[in-house]
Amino acid sequence: MFSLRKIIPQQRLFKNILGYNIFNLNSQQSQNQIQSVEGNKPPQVEDSIQGKYAGVLFQSASSQSVLHLVADDMKYFQELNQESEVFRQFLSNVSLKRTEQRQILEALGKDSFSEVTNNLLETLVENKRLDQLPKVAEKYIEYYRILNKQESITIISAKELNQEEKDKVEDGLKRGNQGVQFTVTYQVDSSILGGLQMYSGKNFLDCSLLSRINKLKSEIIKISF
């Protein structure tokens, strides 16, 4: 049986639960606090389970002028899912009763979440869709970032970039995208040989040396035949 007491001692419940340090949700602030939008509709629609839940969540949050607060809640769950293996096990544990799920969610700091977020959690529990929470959170954050002109970029290089090179990359992004706030993550993959690869959501730009070599090989093969 999945027991909250087995996860962490009761006296430490609100200091460190599920293997992840809880921060004060009430102290979080979005960089640009967008509270609502005209018509309360998300910037895009996705016909998937997480897309539908995130869309309803967005509409509800906008109608109550708490888009920014729900965004903070979703970022919290996203980070918790990334950092805590126990939390991931909790979400995927289909043997848990609804009362047990509610108990654990309440221990995570229910009073710190917005009412809209708590309604989402209750709906996911009732519909036995709690395992979808990380994907719903990710999709909602994507909607909010579109409104807030925020974009997450992953830059992949063959070797680690120094600070001067990183500054050049980020300056180039800003020049071509006025008003957009970028969160840039850097990764190293020696197999690309040189150059850069860039991921942004579902978009991918390959300017690596490996891609150029492969393209050259392809052209040579065409000429040979």
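Biologist: Over which residues does pLDDT stay under 50, and how many contacts beyond four places in sequence does the model have there?

Modeller: Residues 1–31 stay under 50, and the model has 56 contacts beyond four places in sequence for them. This is a predicted model. Where pLDDT is low, the predicted coordinates should not be read in detail.

Biologist: Where is confidence lowest in the chain, and where is it highest?

Modeller: Helix 1, residues 4–7, is lowest, at a mean of 40. Helix 6, residues 115–126, is highest, at 95. The chain averages a pLDDT of 78. A score of at least 70 is reached by 77% of the residues.

Biologist: How many helices and strands does the chain have?

Modeller: Nine helices and six strands. Of the 225 residues, 39% count as buried. The accessible surface comes to about 13800 Å², and carbon and sulfur atoms hold 47% of that.

Biologist: What share of the contacts with a separation of 6 or more comes from residues 24 or more positions apart?

Modeller: Their share is 72%.

Biologist: Let us take single residues. Why is S157 called buried?

Modeller: Buried means under 20% relative accessible area. S157 has 4%, so S157 is buried. S157 is found in strand 3, residues 150–157.

Biologist: How do you know that S157 touches residues beyond four places in sequence?

Modeller: A contact needs heavy atoms within 4.5 Å. S157 has such contacts with Q187, V188, D189, I192, G195 and L196. Take D189: 32 residues away from S157 in sequence, with a C-alpha to C-alpha distance of 6.0 Å.

Biologist: On to helix 7. What makes L133 buried?

Modeller: The cut-off is under 20%. L133 has a relative accessible area of 0%, so L133 is buried. L133 is found in helix 7, which spans residues 133–147.

Biologist: Which residues does L133 touch, leaving out those up to four places away in sequence?

Modeller: F77, F87, L91, L120, L121 and L124. With L121, the sequence separation is twelve residues and the C-alpha to C-alpha distance is 8.0 Å.

Biologist: How far apart are P43 and L147 in sequence and in space?

Modeller: They are 104 residues apart in sequence and 7.1 Å apart in space, C-alpha to C-alpha. P43 touches L147, and also F58, Y143 and I146.

Biologist: What makes the phi of S65 worth a mention?

Modeller: Phi of S65 is near 60°, a positive value in a residue other than glycine. Most residues other than glycine have a negative phi. S65 lies in the loop between helix 2 (49–63) and helix 3 (67–83).

Biologist: Why is S65 called partly exposed?

Modeller: S65 has a relative accessible area of 33%, which falls between the limits, so S65 is partly exposed.

Biologist: Why is K128 called exposed?

Modeller: Exposed means over 50%. K128 is at 65% relative accessibility, so K128 counts as exposed.

Biologist: What is the volume of the second largest pocket?

Modeller: About 210 Å³. Of its 14 lining residues, the closest to the centre are N93, V94, L96, Q101 and K128.

Biologist: Which elements give two or more residues to that lining?

Modeller: Helix 4 (85–92), helix 5 (98–107) and helix 6. By class, the lining has six nonpolar, three polar and five charged residues.

Key: Residues are numbered from 1 along each chain as its sequence is written. This is a predicted model: local features need pLDDT of at least 70, side-chain atom pairs count only at pLDDT 80 or more; totals for chains, interfaces and linings use all residues. Side-chain values use heavy atoms; hydrogens and water are left out. Helices (H or I, at least four residues) and strands (E, at least two) are DSSP runs, numbered from the N terminus. Buried means under 20% relative accessible area, exposed over 50%, partly exposed in between (1.4 Å probe, protein chains only). Accessible areas come from the Shrake-Rupley method with a 1.4 Å probe; for residues, only the protein chains shown count as cover. pLDDT is the predictor's confidence in each residue, from 0 to 100. On a 1 Å grid over the protein atoms alone, a cavity is a set of points where a 1.4 Å probe fits but cannot get out, and a pocket is an open set with protein on both sides within 12 Å along at least five of seven lines; lining residues have an atom within 4 Å of a point. Grid points are joined across faces, edges and corners, and a volume is the space filled by probe spheres set on the points. Ala, Val, Leu, Ile, Met, Phe, Trp, Tyr, Cys and Pro count as nonpolar, Asp, Glu, Lys and Arg as charged, and the others, Gly among them, as polar.
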